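Here is a short report on helices, cores and aromatic pairs. The sequence and structure come before the details.

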Amino acid sequence: MNSTVLLYSLQEKYADAFAKNFSIVLLAVIIISINGMFVFIFFRRSVFHSDPRYILYIHLVMNDMLMVFISVVLFVMTFAWHNVPVPLCVLFLLITSATHRNTPLTLAGMAVERYIAVCKPLHHHQICTVRWTYILISLIWSVGVLPGLADIFLLLINGSLALFITYCTPVTLYNTPNHAELSKIMNGIYSSVVWLILVYTYCQVLVKAKRSSTNKSSAKKAQSTILLHGAQLLLCMLSYITPVLDKMYAPLVTEQQKKINFFNYLLTNILPRLLTPLIYGVRDKQFYNHIKALISCKLSVVNVDPAKQ
């Protein structure tokens, strides 16, 4: 009887693990495929290469692709690999940490670019050049990687760096009180700065749009666009509250906690990366027209090939 119960529990455990990994990998493939289409269109059409807005947007897309890929690899590793070399784990966590913070920072940069374009149109071509856009992207990566490097520095100081680790997660590797305090401080600073930039620039854009609008419809359109951008940033910054939610549900039973952590991971890390490129890419006329052309071209090839055979 006991052996039967044990066998059933093991089967249920493996089935649950397979379902979680399958759903996560499937979502990752969908997200990377959609984002890959935007990247393909960007590099194929030179018209996008000279516009800072599109350069920042494609940086956002490629950053999210890298974040999703590494994040899913780490998720699968927690089930399939329980003896991970610490240097490899540190590298993965550093990339994940940087890409997590790059998304809100890039959105803040895009907000500043729109603010200059709408509120300071005479200075836009002087300030928002391709050269300065790539300098901004370099600055975003420099700022985004700082918290990850600080975590590694604290790990070396504490002298707790082993050769292997059971689970490659920030909670497992960076488990000292100093790391917890550092995470709170960094998340607070990043969230505050990004939200201040967002609120200031988009309020200025909204006021400018209302003042310069000749009818209510154009002002309403500008307002809806700003609200969508704010919602996009809110979705991306959900990842900042993940540690807080994990601590809130820590007293629950282990199985319940695992299920909540899984849905928390989906909600705060994976799903926002599916919505963010669509909010910008599909609503943009140039990207939308190129997507339609690309899809219609693919469909025509599929329809023509059987006829030739």
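Rings of Phe, Tyr and Trp (its six-membered ring) pair if their centres lie within 6.5 Å; planes under 30 degrees apart count as stacked, over 60 as edge-to-face and the rest as tilted. By this rule there are eight aromatic pairs.

The model is predicted: local features need pLDDT of at least 70, side-chain atom pairs count only at pLDDT 80 or more, and totals for chains, interfaces and linings use all residues. Residues are numbered from 1 along each chain as its sequence is written, and side-chain values use heavy atoms, with hydrogens and water left out.

**Aromatic pairs**

| Pair | Centre distance | Plane angle | Class |
|---|---|---|---|
| Phe18 and Phe22 | 6.0 Å | 20° | stacked |
| Phe42 and Phe43 | 5.2 Å | 85° | edge-to-face |

Phe18 and Phe22 are four residues apart in helix α1, so about one helical turn separates them. Helices are DSSP runs (H or I, at least four residues), numbered from the N terminus.

Buried means under 20% relative accessible area, exposed over 50%, and partly exposed in between (1.4 Å probe, protein chains only). Phe18 is exposed, at 58%. Phe42 is buried, at 4%. Phe43 is partly exposed, at 49%. Ring pairs also join Phe42, Phe43, Phe48 and Tyr54 into a cluster.

The expected span of a helix is 1.5 Å times one less than its number of residues. Helix α2 (residues 52-80) has 29 residues and should span 42 Å; its end C-alpha atoms are 42 Å apart, which agrees. Of its 29 residues, 21 are buried, so α2 is largely enclosed by the rest of the structure.

At asparagine 102, α3 bends by about 25°, and proline 104 follows within four residues. The bend is the angle between axes fitted to the seven residues ending at a residue and the seven starting there.

**Nonpolar cores**

A nonpolar core is a set of buried Ala, Val, Leu, Ile, Met, Phe, Trp, Tyr and Cys residues joined through side-chain atoms within 4.5 Å. The largest has 32 residues; Phe42, Tyr57, Ile58, Met110 and Phe287 touch the most other members. Its largest share, eight residues, comes from α2. Apart from it lies another core of 16 residues, including Val86, Phe92, Leu94 and Ile152.

Methods: Helix = DSSP H or I, 4+ residues; strand = E, 2+ residues; numbered from the N terminus.
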